[in-house]
Amino acid sequence: MIYGKIWLVVKPSVGVPLFLGAVAVGSFAVHAALLTNTTWVKAFLNGNTKAVVAEGSAAGAPTAPAAKK
Amino acid sequence: MDDPNKVWPTGLTVGESEELHRNIIQGTQIFGMIAALAHLLAYIYSPWLK
(Lines give C-alpha, C1' and ligand atoms only; values in the text may rest on other atoms or scores of the structure.)
Protein backbone atom coordinates (compact mmCIF):
# COMPACT_ATOMS: atom_id res chain seq x y z
CA MET A 1 0.00 0.00 0.00
CA ILE A 2 1.98 2.97 -1.28
CA TYR A 3 -0.82 5.51 -1.67
CA GLY A 4 -2.34 5.03 1.75
CA LYS A 5 -1.81 8.71 2.66
CA ILE A 6 -3.61 10.03 -0.41
CA TRP A 7 -6.68 10.73 1.66
CA LEU A 8 -4.71 13.18 3.80
CA VAL A 9 -4.64 15.52 0.83
CA VAL A 10 -7.62 14.40 -1.27
CA LYS A 11 -10.98 14.67 0.49
CA PRO A 12 -12.63 11.20 0.42
CA SER A 13 -16.02 12.79 -0.30
CA VAL A 14 -14.46 14.04 -3.55
CA GLY A 15 -11.88 11.34 -4.34
CA VAL A 16 -14.05 8.27 -3.87
CA PRO A 17 -16.97 9.31 -6.12
CA LEU A 18 -14.46 10.61 -8.66
CA PHE A 19 -12.66 7.26 -8.67
CA LEU A 20 -15.87 5.22 -8.94
CA GLY A 21 -17.21 7.57 -11.61
CA ALA A 22 -14.05 7.21 -13.66
CA VAL A 23 -14.29 3.43 -13.52
CA ALA A 24 -17.95 3.61 -14.54
CA VAL A 25 -17.22 5.92 -17.49
CA GLY A 26 -14.34 3.71 -18.62
CA SER A 27 -16.43 0.57 -18.37
CA PHE A 28 -19.29 2.20 -20.29
CA ALA A 29 -16.88 3.29 -23.03
CA VAL A 30 -15.48 -0.21 -23.43
CA HIS A 31 -18.93 -1.78 -23.59
CA ALA A 32 -20.05 0.83 -26.14
CA ALA A 33 -16.95 0.15 -28.24
CA LEU A 34 -17.66 -3.57 -28.15
CA LEU A 35 -21.28 -3.00 -29.13
CA THR A 36 -20.28 -0.96 -32.16
CA ASN A 37 -17.24 -2.98 -33.26
CA THR A 38 -18.40 -6.55 -32.85
CA THR A 39 -21.33 -8.49 -34.20
CA TRP A 40 -21.71 -11.04 -31.42
CA VAL A 41 -22.74 -8.55 -28.71
CA LYS A 42 -25.67 -7.24 -30.73
CA ALA A 43 -26.60 -10.78 -31.79
CA PHE A 44 -26.46 -11.82 -28.16
CA LEU A 45 -28.69 -8.90 -27.11
CA ASN A 46 -31.08 -9.72 -29.91
CA GLY A 47 -31.15 -13.28 -28.71
CA ASN A 48 -32.29 -14.29 -32.20
CA THR A 49 -32.71 -17.99 -31.61
CA LYS A 50 -32.66 -18.54 -35.41
CA ALA A 51 -28.95 -17.61 -35.52
CA VAL A 52 -28.11 -19.70 -32.44
CA VAL A 53 -29.91 -22.74 -33.88
CA ALA A 54 -28.27 -22.21 -37.28
CA GLU A 55 -24.85 -21.93 -35.64
CA GLY A 56 -25.53 -24.96 -33.50
CA SER A 57 -26.48 -27.23 -36.42
CA ALA A 58 -24.02 -25.78 -38.95
CA ALA A 59 -20.78 -25.27 -37.10
CA GLY A 60 -21.43 -27.47 -34.13
CA ALA A 61 -19.28 -25.30 -31.86
CA PRO A 62 -21.18 -22.09 -30.93
CA THR A 63 -18.52 -19.88 -32.54
CA ALA A 64 -19.73 -16.36 -33.38
CA PRO A 65 -20.34 -15.43 -37.04
CA ALA A 66 -17.03 -14.24 -38.57
CA ALA A 67 -16.53 -10.77 -37.10
CA LYS A 68 -15.58 -8.23 -39.74
CA LYS A 69 -12.08 -7.05 -38.75
CA MET B 1 6.28 15.78 11.80
CA ASP B 2 4.76 12.29 11.72
CA ASP B 3 2.41 12.69 14.68
CA PRO B 4 -0.16 9.86 14.29
CA ASN B 5 -2.93 12.00 15.76
CA LYS B 6 -2.32 14.97 13.51
CA VAL B 7 -5.48 15.90 11.56
CA TRP B 8 -4.65 16.75 7.98
CA PRO B 9 -6.46 19.26 5.68
CA THR B 10 -8.94 16.60 4.64
CA GLY B 11 -9.87 16.06 8.27
CA LEU B 12 -8.29 12.62 8.49
CA THR B 13 -5.40 11.22 10.46
CA VAL B 14 -2.80 8.93 8.84
CA GLY B 15 -4.47 5.86 10.36
CA GLU B 16 -7.90 6.78 9.02
CA SER B 17 -6.49 7.50 5.57
CA GLU B 18 -4.75 4.15 5.40
CA GLU B 19 -7.84 2.35 6.70
CA LEU B 20 -9.96 3.94 3.96
CA HIS B 21 -7.33 3.08 1.37
CA ARG B 22 -7.20 -0.57 2.46
CA ASN B 23 -10.95 -0.82 1.81
CA ILE B 24 -10.61 0.88 -1.55
CA ILE B 25 -7.87 -1.55 -2.54
CA GLN B 26 -9.98 -4.52 -1.45
CA GLY B 27 -12.98 -3.26 -3.39
CA THR B 28 -10.84 -2.81 -6.47
CA GLN B 29 -9.50 -6.34 -6.14
CA ILE B 30 -13.04 -7.76 -5.90
CA PHE B 31 -14.05 -5.70 -8.95
CA GLY B 32 -11.00 -7.08 -10.76
CA MET B 33 -11.87 -10.67 -9.97
CA ILE B 34 -15.45 -10.22 -11.17
CA ALA B 35 -14.13 -8.58 -14.35
CA ALA B 36 -11.70 -11.47 -14.90
CA LEU B 37 -14.56 -13.94 -14.60
CA ALA B 38 -16.65 -11.90 -17.04
CA HIS B 39 -13.79 -11.83 -19.53
CA LEU B 40 -13.41 -15.60 -19.22
CA LEU B 41 -17.10 -16.12 -19.94
CA ALA B 42 -16.99 -13.65 -22.83
CA TYR B 43 -13.97 -15.43 -24.32
CA ILE B 44 -15.72 -18.80 -24.04
CA TYR B 45 -18.76 -17.31 -25.76
CA SER B 46 -16.82 -15.51 -28.45
CA PRO B 47 -13.03 -15.98 -28.65
CA TRP B 48 -11.70 -12.71 -29.96
CA LEU B 49 -8.05 -13.70 -30.27
CA LYS B 50 -8.49 -16.62 -32.62
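# Two chains and the contacts between them

B:E18 comes out as partly exposed, with 23% relative accessibility. Keep in mind throughout that this is a predicted model.

User: Which residue does B:E18 meet in a salt bridge?
Analyst: Side chains of opposite charge can pair when their charged atoms come close. Here the N to O distance is 3.2 Å, and the cut-off for a salt bridge is 4 Å. The partner of B:E18 is A:K5.

User: Is A:K5 buried, partly exposed or exposed?
Analyst: Buried means under 20% relative accessible area and exposed means over 50%, with partly exposed in between. A:K5 has a relative accessible area of 48%, so the label is partly exposed.

User: How many salt bridges does a search of the whole structure find?
Analyst: Between chain A and chain B the count is 1 salt bridge. The search over all chains also gives a total of 1.

User: OK, zooming out: how many residues of chain B are in contact with chain A?
Analyst: Contact here takes heavy atoms within 4.5 Å. On the chain A side, 18 residues take part. On the chain B side, the number is 18.

User: What share of the area buried between the chains is on carbon and sulfur atoms?
Analyst: Chain A and chain B bury about 1,600 Å² between them. In chain A, the residues that lose the most area to chain B are A:M1, A:W7 and A:L8, together 41% of what that side buries. As for the atoms, the share on carbon and sulfur is 73%.

User: How many residue pairs are in polar contact between the chains, and which helix gives the most to the chain A side?
Analyst: Counting pairs with both residues at pLDDT 80 or more, there are 7 residue pairs in polar contact between chain A and chain B. Two helices of chain A, α1 (12-37) and α2 (40-46), each supply at least two residues of the side that touches chain B. The one that gives the most, with 4 residues, is α1(A).

User: And by class, how many residues on that side of chain A are nonpolar?
Analyst: The side of chain A that touches chain B has 2 charged residues and 1 polar one. The nonpolar count is 15.

User: What pattern does chain A follow along the sequence?
Analyst: Chain A has 3 helices and 0 strands. Of its 69 residues, 12% count as buried. Read along the sequence, the pattern is α-α-α.

User: How far apart are the end C-alpha atoms of α1(B)?
Analyst: α1(B) has 32 residues, and at 1.5 Å a residue it should span 46 Å. The model agrees with that expectation, because the end C-alpha atoms are apart by 46 Å.

User: Which chain A residue does B:T13 touch?
Analyst: B:T13 lies in the segment before α1 (14-45) of chain B. At 16% relative accessibility, B:T13 falls under the 20% cut-off and therefore counts as buried. Leaving out residues up to four places away in sequence, B:T13 touches B:P4, B:N5, B:K6, B:V7 and, from chain A, A:L8.

User: How far is the C-alpha atom of B:P4 from that of B:G15?
Analyst: B:P4 is in the segment before α1 of chain B, and counts as exposed because its relative accessible area is 56%. Not counting residues up to four places away in sequence, B:P4 touches B:T13 and B:V14. B:P4 and B:G15 are 11 residues apart along the chain, and their C-alpha atoms are separated by 7.1 Å.

User: Which residue's side chain does B:S46 join in a polar contact?
Analyst: B:S46 is in the segment after α1 of chain B. At 5% relative accessibility, B:S46 counts as buried. The polar contact is 3.3 Å, side chain to side chain, and the partner is A:W40.

Key: Residues numbered from 1 in each chain as written. Chains lettered and ligands numbered in written order. Predicted model: local features only at pLDDT ≥ 70, side-chain atom pairs only at ≥ 80, totals over all residues. Heavy atoms only, no water. Buried area = accessible area lost by both parts, 1.4 Å probe. Salt bridge = Lys/Arg side-chain N within 4 Å of Asp/Glu carboxyl O. Polar contact = N/O pair within 3.5 Å; in protein donor to acceptor, adjacent residues only side chain to side chain. Nonpolar A, V, L, I, M, F, W, Y, C, P; charged D, E, K, R; others polar. Buried < 20%, exposed > 50% of the residue type's maximum accessible area, 1.4 Å probe, protein only. Expected span 1.5 Å × (residues − 1).
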